[in-house]
Amino acid sequence: MDLSILVKGGLVVTQNWKREVIKGDVLIEGDEISAVGHVKVRPDEVIDASGCIVMPGLINCHTHVSMALMRSVADDVKLEKFLDRTFAIDAKRTPEDVEVGATLGCLEMARSGTTTLLDFYYSEDIIAKAVEHIGLRGYLGWTVLDEKFTTQKGKPIKNCEDFIRAHKNRPLIKPIVSIQGVYVCSDETWHAARELANKENTFCQYHVSETRFEVYEHQKKTGKRPVEYLSDIGFLGKGDIAAHGVWLTINEIRELSKAGVSVAHCPVSNMKLASGGVAPVPEMLAEGVNVCLGTDGCSSNNSLDMFSEMKFASLMHKAHRWDASVMTAQKCLDMATVDAAKAVGAEKVLGSIESGRKADIVIVDAKKAAMVPTRQDNVVANLVYASSSHAVRDTIVNGKFVLRDGKIVTLDEAGVIMAAEHAAQELLNRSR
Ligand SMILES: [Zn+2]
């Protein structure tokens, strides 16, 4: 028998197609939501959500979670120096560092209401262990690039294939293919990655047009901008996720739209690295591109908090366009929930609180000073503009509590933090 949990008396931000906000209950049976509204059943357990907001778990569509160990190692410096510093530290990492870094990053996500992450890294087998241990949902992509550029042992494409084969059919993990970007991938690598994704019935994510330098260098080499090039070699595919997409022309945006590629917008990382430009998200939306949000890694953000990512996404475009009506709070919440679910091909499974969806639910305390007053008509604005991870009280993934009443229940949080502090210091010592 599946355990039933009734989340009772909250203000439920359903994110259903009508974007209804209702005062009521959410019934969870096993790993699914089975009823929303005024539920009259006797559940195994009742969770009091009065004075709270009940919302779908947030989906972080671009991150490198294990880099949490490298938080704030290279700030306020030019991109070249940032890359030198992070690559130097990254090269010294052990498998244990990857695991404790991923666990630390997952802890931060669970505490800030993120229930699903799209990760992009090598050693995803280790990261999968950390994600499953804490109990988050992970779309994990092993990085593929040309052999001559990699520090991975063996062939990246084979490593990715082995990872996918070993991690199929798990309840919380979906293995995918990550492709580093045009600057380290030949035509053959792009095609091999696509072939692998098709064969394994999964999808591809890749970095694209993050910096002007990347675009100009690629143009010098091939005569084409990165998205034009990917379109011309016949690579772009429905269901792909392209991260960043800062330096895109309107024609490239149309190519992405035509191909059915989603864009993972990473406003904080883009602003902090000062790579220049602002991703043309209003144009992407106008052209029908599905846009979701990502934090990117902790060395460039330096946080994994999707609440602040939603706020920055809105403010960045308002400031840039001199228009307070672009990128509304509702759109930003959509990009972190339903649009993100669509990006990963799970629009019927994740992203909203509706009967039949997976029970990935976050309960936010609306009695925190920063959240008062919260009403039905301002709750979405409060979540995007006023809230922070500190207001998250409970995080439920696949019907199970990860964070309950402000406490992580799936692992020893204090132990993880101690181990992470120690590993981060050792890593710095080794890379000096
Ligand atoms: Zn990235």
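Colleague: Which residues does Leu118 touch, not counting residues up to four places away in sequence?

Modeller: This is a predicted model, in which local features need pLDDT of at least 70, side-chain atom pairs count only at pLDDT 80 or more, and totals for chains, interfaces and linings use all residues. Residues are numbered from 1 along each chain as its sequence is written, and side-chain values use heavy atoms, with hydrogens and water left out. Contact means heavy atoms within 4.5 Å. With those sequence neighbours left aside, the partners of Leu118 are Asn60, Cys61, His62, Thr63, Tyr139, Ile176, Phe203, Gln205, Ile241 and Val344.

Colleague: Does Leu118 count as buried or exposed?

Modeller: Leu118 belongs to strand S7; helices (H or I, at least four residues) and strands (E, at least two) are DSSP runs, numbered from the N terminus. Buried means under 20% relative accessible area, exposed over 50%, and partly exposed in between, using a 1.4 Å probe and protein chains only. Because its relative accessibility is 0%, Leu118 counts as buried.

Colleague: Which residues are the protein donors of the zinc ion?

Modeller: Donors are N, O and S atoms within 2.8 Å of the metal (3.2 Å for Na, K and Ca), and water is not among the atoms, so sites may look incomplete. In sequence the donor residues follow the spacing H-x1-H-x142-H, and two of them, His62 and His64, are buried. At 2.1 to 2.2 Å from the zinc ion, each through NE2, lie His62, His64 and His207.

Colleague: How much space lies in the largest pocket?

Modeller: On a 1 Å grid over the protein atoms alone, a pocket is an open set of points where a 1.4 Å probe fits, with protein on both sides within 12 Å along at least five of seven lines; lining residues have an atom within 4 Å of a point. Grid points are joined across faces, edges and corners, and a volume is the space filled by probe spheres set on the points. The lining has 47 residues, and Phe87, Asp90, Leu145, Gln180 and Tyr183 lie nearest the centre. The space in this pocket is about 1,600 Å³.

Colleague: Which element gives the most to the lining of the largest pocket?

Modeller: The elements that give two or more residues are helix H1 (79–90), helix H2 (95–111), strand S7 (114–121), strand S8 (137–144) and helix H6 (212–222). With seven residues, the largest contribution is from H1.

Colleague: Which residues touch the most other members of the largest nonpolar core?

Modeller: A nonpolar core is a set of buried Ala, Val, Leu, Ile, Met, Phe, Trp, Tyr and Cys residues joined through side-chain atoms within 4.5 Å. Of the 105 residues in this core, those with the most such contacts are Val177, Trp190, Tyr206, Leu230 and Val364.

Colleague: How many of the eight residues of helix H12 are buried?

Modeller: Helix H12 covers residues 329–336 and is mostly covered. Ala329, Cys332, Leu333, Asp334, Met335 and Ala336 are its buried residues.

Colleague: Which residue does a cis peptide bond join to Val372?

Modeller: The omega of this bond is about 0°.

Colleague: Is Asp76 buried or exposed?

Modeller: Asp76 is in the loop between strand S6 (58–63) and H1, and has a positive phi of about 60° although it is not a glycine. Because its relative accessible area is 80%, Asp76 is exposed.
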